[in-house]
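Subject: A structure to look at, and what was found in it

Dear colleague,

Please find the structure below, and keep it open while you read the notes that follow.

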Amino acid sequence: MIISHRHRFIFLKTGKAAGTSIELFLSRFLGPDDIATPVSAEDEPKRAPLRPTNYLREPGPLGWKRWGARLPGPVGRWVGRPDRRFDYFNHIPARLVRQYVGHDVWSGYFKFAFERNPWDRQVSSWYWATRHQSEATRPDFKTFTAVEGRRVRGFPIYSIDGTVAVDKIGRYETLEADLADILARVGIDAPVDLPRSKGGLRPDGDYRRHYDDATRSLIGRHCAREIALMGYEF
């Protein structure tokens, strides 16, 4: 996730839609007060000598953070700690960014995100999440996708209360052209030169070969909002 006060834009990062490559690229144009969240330890060296900046916030109205278990008793209380800072994080949703930056910044900045065909994205997510597992221990695609927490969605990132909250949703399938349009809108005069991130893990081939009727239908239902919004087809 990136918030650029210098160029007055907010980039919301969805999963498996080249978000890290976009972050690494956009980091070149950030000012000293801009916000860039950390990426994975594997990808952060690609940003060097630049690095994540200003993603820790001072204490806010939430006060104490709850964690751990409730203590026994008729009323009970949460084990907690005073939370010194609240963080912007990698895939932070629009509703939290709006809360953190306030109305003037949220309404005045150009906000964008990127989407990807959900059936293609799910295959990419499977390869990424199981990249350190051997063929013997890696769950097959159907088993992996059956777990709800492993199914990737973009809509909750760039929507608030069920309504799209960004000014542009680019497409992974037309990534460079859409990003070039965004750069022009925010006043960055530079060619799109994306670093390669998280590449080389997925063999070539049609994503559809991993699906049967059940998994195709499952992703279709799970990502129905994205599919309807962007017009994606299997």
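Which side chain meets that of Lys13 in a salt bridge? The partner is Glu23, and the N to O distance of the pair is 2.8 Å; a salt bridge here is a side-chain nitrogen of Lys or Arg within 4 Å of a carboxyl oxygen of Asp or Glu. Because Lys13 lies in the loop between strand E2 (9–11) and helix H1 (19–26), while Glu23 belongs to helix H1, the pair ties together parts that are 10 residues apart in sequence. Helices (H or I, at least four residues) and strands (E, at least two) are DSSP runs, numbered from the N terminus. Lys13 counts as buried at 4% relative accessibility, and Glu23 is buried as well, at 0%; buried means under 20% relative accessible area, exposed over 50%, and partly exposed in between (1.4 Å probe, protein chains only).

Before going on, please note that this is a predicted model, in which local features need pLDDT of at least 70 and side-chain atom pairs count only at pLDDT 80 or more, whereas totals for chains, interfaces and linings use all residues. Residues are numbered from 1 along each chain as its sequence is written, and side-chain values use heavy atoms, with hydrogens and water left out.

Side chains of opposite charge can pair when their charged atoms come close, and by the rule given above the count comes to 14 salt bridges. Among them is the bridge between Lys111 and Asp167, whose closest N and O atoms are 3.6 Å apart. Since Lys111 sits in strand E8 (residues 110–115) and Asp167 in the loop between strand E10 (163–164) and strand E11 (168–171), this pair ties together parts that are 56 residues apart in sequence. Lys111 is buried, with a relative accessible area of 6%, but Asp167 is partly exposed at 44%. Glu44 also forms a salt bridge, with Arg47, at 2.7 Å between the closest N and O atoms, and a network of salt bridges links Lys168, Asp181 and Arg185.

Helix H8 (residues 213–222) has the buried residues Thr215, Leu218, Ile219 and His222. They cover an arc of only 90 degrees around the axis, which puts them on the same side of H8; the arc is that of the directions from the helix axis to the C-beta atoms. The face turned away from this buried side carries the exposed residues Asp213 and Arg221. What covers the buried residues of H8 includes helix H4 (118–129), helix H5 (141–145) and helix H9 (224–230).

Most residues other than glycine have a negative phi, and most peptide bonds are trans. The peptide bond from Ala48 to Pro49, however, is cis, with omega near 5 degrees. Asn54, which is also in the loop between E3 and E4, has a positive phi, near 55 degrees, and is partly exposed at 38% relative accessibility.

Leaving aside residues up to four places away in sequence, Asp87 touches Tyr55, Leu56 and Tyr100, where contact means heavy atoms within 4.5 Å.
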